[in-house]
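I wanted to look through this structure chain by chain and write down what I found.

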Amino acid sequence: MIDTFVLSQLAIGVSVGMTYSIVAIGLTLIYRVLSAVNFAHGEAYTLGAFTTLIAATSLKLPLWAIVPLTLLVGAAFGWGVERAAFRPFRKFTDEASLKSRAVREATLLSSFALGLVVREVLDRIYHGEWLAIPQQYLLSSPLSFGGINLSVGELAIGIVSLVMLASLQFMLHRTRTGIAIRAVSSNLVGAQFSGIDINRVVVAVFIVGSLLGAVAGMVVSLAYGNVQSYMGLTVVIKAFVAMVIGGLTSLPGAVIAGILIGVAESTAGIFLPSAWTEMVAYGMLLLTLLFLPQGLFTRRRA
Amino acid sequence: MSGPLLEVRGLAKHFQGLRAVDDVSFDVARGELIGLIGPNGAGKTTLFNCIAGAIARTTGDVEFGGRSIAGLDPGRIARLGIARTYQNLRIFPDITVFDNVSAGAIGRVGVSLLGTLVPQLGRRRDEAIAEAALAALERFDLLAFADQPAGNLAYGQKKQLEIARALALQPTLLLLDEPAAGLNDTETGELATRLRALRDAGLTILLVEHDMPMVMRICDRIVVLDSGRKIADGVPASIRANAAVRAAYLGDEP
Amino acid sequence: MSRHRVPIRLAFAFVLLALVPALLAWGGSPYLARLAQVVLVAIVLTGALNLLVGTAGLLALDTVVFYGLGAYTAAILSVNSGTSFLTNVATAVLLASVIGAICGFALVRLTSIFFAVATMALAISFHTTVLNWGELTRGPMGYRGIPPVRLFGHSVSGWLESYYVTAVFCLIALFVMHRVVHSFYGNAARAIREDEECALSLGLRTRLIRVQIYTLHAAITGAAGALYAHSNQFIGPDNFVIFESALVLTGVIVGGIGSLPGAVIGGVVMVLLPEALREIGNLRALVFGIVLFLSILFLPRGLFSEVRALALFRRDMPKSPWARRRPAP
């Protein structure tokens, strides 16, 4: 019988990994459409957590009201990032201009800079401290399933992630926006000829991605109880690793890779001190970039 | 040293079921000016890319000066003496005309970090590079524009620049992909004269073109492709009279 | 064109070796002298990164890795083995070069944004390692008691001597970088940057040149790190966070990608700007985020563009056949 401690760690790893997966989806969606990386994406996660904090401490909203507020903040942030850091560099929407190296590098830097500014502003306001969410909101009560120990929060992360994935699937396959997104991702020229407005699809992708990120941040803050201005940065880098390992353009790949990273981290955590578990993700990234530039789950382009 | 300079043997390139180049064979002798023609989509640029090593062939062989070059990387092939230009004009617009051309010269002569840091060690190479670049610029009457950003040149001059840059490599074989595209009659005439002069000076040239009058005028031999296959190979007069070629072009007067 | 007869490089050397020390002696303070040294080191770091990001066209955030490698090598060697300053610098350069060559060889084939993120991962990993490998690096406490620079049997003392050591180092580094940028080698690197496939078809050894430039950038940055360790006499993990890399990168972009004069300007701005804004409080990171963002948006070629820099130093390209035959401007 496998040690129940190990199983618990695995379960936690899966749960944390799903956080990375959700954030990775936002990155992957953007990459599929623009072949560019949004380095301000982590701040959607951070803002989701901070919205939860503010709603709980200052506004004293009930839990059911925090959710739509977080969604709103996430969507607004996504729209804002696209407007400020990506749109100014998009002069033409033909494929070559849209995905040119100059634009990709410029938006990498501009989104990095924007993320830095947001982080720093939060840092200034809250003095870089870890802030606690009031006890009554926390989902930290322990649960036990046949020896596997989790907290309600960790289970909630898993459930919420699954719900979001399902909603995303629904959106991508059953709504006009979602279908437009898929069309542009797989065949830009064809989509343009069909009359799809590329700019609107780009905005939609940013909004959806940031929504997901913000919800992830909300759930994690409720599960673990604290919030800090740099929390999004560490997560987005691991989400980026998940995106790369998942094959850059594959959504299921990003999800699975995210879980893999989470599991790898918690497994490593059994043997190594926690500071070193940070390196697991970076190690996986470097190994992937060196030996498997296509990632593990390459999606064949149309 | 006798024998053809370039031998293409049964070269084929397949893209997921599409036979872009299908069992093409032909020779190019030293000092020949060969034209490669065919309707759009006949596989001419793909053939070029295979010879120059830019894409990997599916089967077949290419021999250059008696040695097989199929499968070598493009840098190696360039240093062996094959220079090329591109159909869609790839010069470096943000650097000067001189710097563009010297890039080709650098390819042949080579640069080293040590030679750069210690001037005495690199002087000879630097002079060789500068010589080759200037000679190429002079040949194409571009010397006056040497210090201008290449992007400032007129289209016709940019095309010349690309050829000059390829020549700075001092190649044995020059592959030109539609050098006359976008040129007016005067420019095409100048180009034709230059190419003939280069051929007379001993350079072997393989040329993809759509400009029939020019091709008929200056080429020693013409190879015709259609849908990836070679359908004719001979002197201009015989190609002009060739029914299959005319059919391939759907009645276009060659 | 005889105006350009003014030997710019000599003038710059004069400023560094004569003018600035004179000004400092006349009206400065030890603090200002220290600041001047920080500016000089910043110039070297920006210049070295510019070789990679500008001339070679590889966006990178790995300055702190080699800076830290150099600094810690010098610190560990000098404190534990009492080796001389020059030995430490040489070892630092050697180590940085070897690791730089390995990393460069492995990473150079990645496309632009993935190369950038890989260097980011390297930088963060380096910082984590330094922070946690206490037995080697003394962890978060940092390395204290690094002996001052000792050259030719004489320990450097006082701000003037310290300044001169840094200034001479800066000039040597700039000389090396200048020769690389304004030469046919630099031209080859720029061609590879503009269109790698095309450069390859011209016979340029693209991978080799890129790896060489990466290694050179690592070596110069490592040397700067060793110097920093000895002149500051204390180093800690906080000096080598990813933000410092981003700072240097911002200096490169603001000054002008691919332009060495631009890198000099960028380095100066990078250090002096937060000094000027000292009253606003510790807003360094925020200001730099905004500066970076605005630069990319409105001044992508920087304050002193590469085109201008290349034109300025055109005379440094090989002369004889060129000067003989070029038409009068």
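**Entry 1: what kind of model**

I note at the start that this is a predicted model. I read every value below as computed from that prediction.

**Entry 2: which chains touch**

I asked which two chains share the most contacts. Of the 2 pairs of chains in contact, that pair is B and C. I then looked up chain A against chain B and found that they do not touch. The nearest C-alpha atoms of chains A and B are 12 Å apart.

**Entry 3: chain B against chain C**

I looked up how many residues each chain gives here, and the contact takes 34 from chain B and 32 from chain C. On the side of chain B that touches chain C, the elements with two or more residues are α2 (74-80), α3 (97-109), α4 (113-117) and α5 (119-139) of chain B. Sorted by class, the side of chain B that touches chain C holds 19 nonpolar, 5 polar and 10 charged residues.

**Entry 4: chain A against chain C**

Next I took the other contact, in which 26 residues of chain A meet 22 residues of chain C. Two elements of chain A give two or more residues to the side that touches chain C: α5 (101-126) and α12 (274-291). I asked which element gives the most to this side. It is α5(A), with 14 residues. By class, I found 19 nonpolar, 1 polar and 6 charged residues on the side of chain A that touches chain C.

**Entry 5: chain B on its own**

I looked up the secondary structure of chain B and found 10 helices and 10 strands. Its radius of gyration is 19 Å, close to the 18 Å that the globule rule gives for 254 residues, so chain B is as compact as a globular protein of that length. Along its principal axes, the C-alpha trace of chain B spans about 60 × 40 × 35 Å. Of the 254 residues of chain B, 46% count as buried. I also checked the contacts in chain B with a separation of 6 or more: residues 24 or more positions apart account for 67% of them.

**Entry 6: the domains of chain B**

The domain assignment of chain B gives domain 1 (1-81 + 171-254) and domain 2 (91-170). I looked up the distance between the centres of these two domains, taken over C-alpha atoms, and it is 26 Å. Where they meet, 9 residues of domain 1 of chain B are in contact with 9 residues of domain 2 of chain B. On the domain 1 side, α2 and β7 (173-177) of chain B are the elements that give two or more residues. The residues of that side divide into 6 nonpolar, 1 polar and 2 charged.

**Entry 7: chain C on its own**

For chain C I found 15 helices and 2 strands. I asked what radius of gyration a compact globule of 329 residues would have. The C-alpha atoms of chain C fill a box of roughly 60 × 50 × 45 Å, taken along the principal axes. Of the 329 residues of chain C, 53% count as buried. Among contacts in chain C between residues at least 6 apart in sequence, I found that 80% join residues at least 24 apart.

**Entry 8: the largest nonpolar core**

I went to the largest nonpolar core, which has 288 residues. Which of its residues touch the most other members? They are B:Ala133 and C:Ala188. Helix α9 (residues 198-224) of chain A gives the most to this core, with 18 residues. The core also draws at least three residues from each of domain 1 and domain 2 of chain B.

I then followed C:Ala188 and left out residues up to four places away in sequence. C:Ala188 touches B:Ala103, B:Ile106 and B:Val111 in chain B, and C:Leu204 and C:Ile209 in chain C.

**Entry 9: confidence in chain A**

Last, I looked up the pLDDT of chain A: the mean is 86, and 95% of the residues reach 70 or more. Among the elements of chain A, helix α3 (residues 63-86) has the highest mean pLDDT, 93. Strand β2 (residues 142-145) of chain A has the lowest, 75. Over residues 298-302 of chain A, pLDDT stays under 50, and the model has 8 contacts beyond four places in sequence for them. Where pLDDT is low, the predicted coordinates should not be read in detail.

Note on methods:
Residues are numbered from 1 along each chain as its sequence is written. Chains are lettered from A and ligands numbered from 1 in the order in which they are written. This is a predicted model: local features need pLDDT of at least 70, side-chain atom pairs count only at pLDDT 80 or more; totals for chains, interfaces and linings use all residues. Two residues are in contact if their C-beta atoms, placed from the backbone, lie within 7 Å. Helices (H or I, at least four residues) and strands (E, at least two) are DSSP runs, numbered from the N terminus. Ala, Val, Leu, Ile, Met, Phe, Trp, Tyr, Cys and Pro count as nonpolar, Asp, Glu, Lys and Arg as charged, and the others, Gly among them, as polar. Domain bounds come from an automatic or database domain assignment. The radius of gyration is taken over C-alpha atoms; the globule rule is 2.2 Å times the number of residues to the power 0.38. A residue is buried if 20 or more other C-beta atoms lie within 10 Å of its own, exposed if 12 or fewer, and partly exposed in between; C-beta atoms are placed from the backbone. pLDDT is the predictor's confidence in each residue, from 0 to 100. A nonpolar core is a set of buried Ala, Val, Leu, Ile, Met, Phe, Trp, Tyr and Cys residues joined through C-beta atoms within 7 Å.
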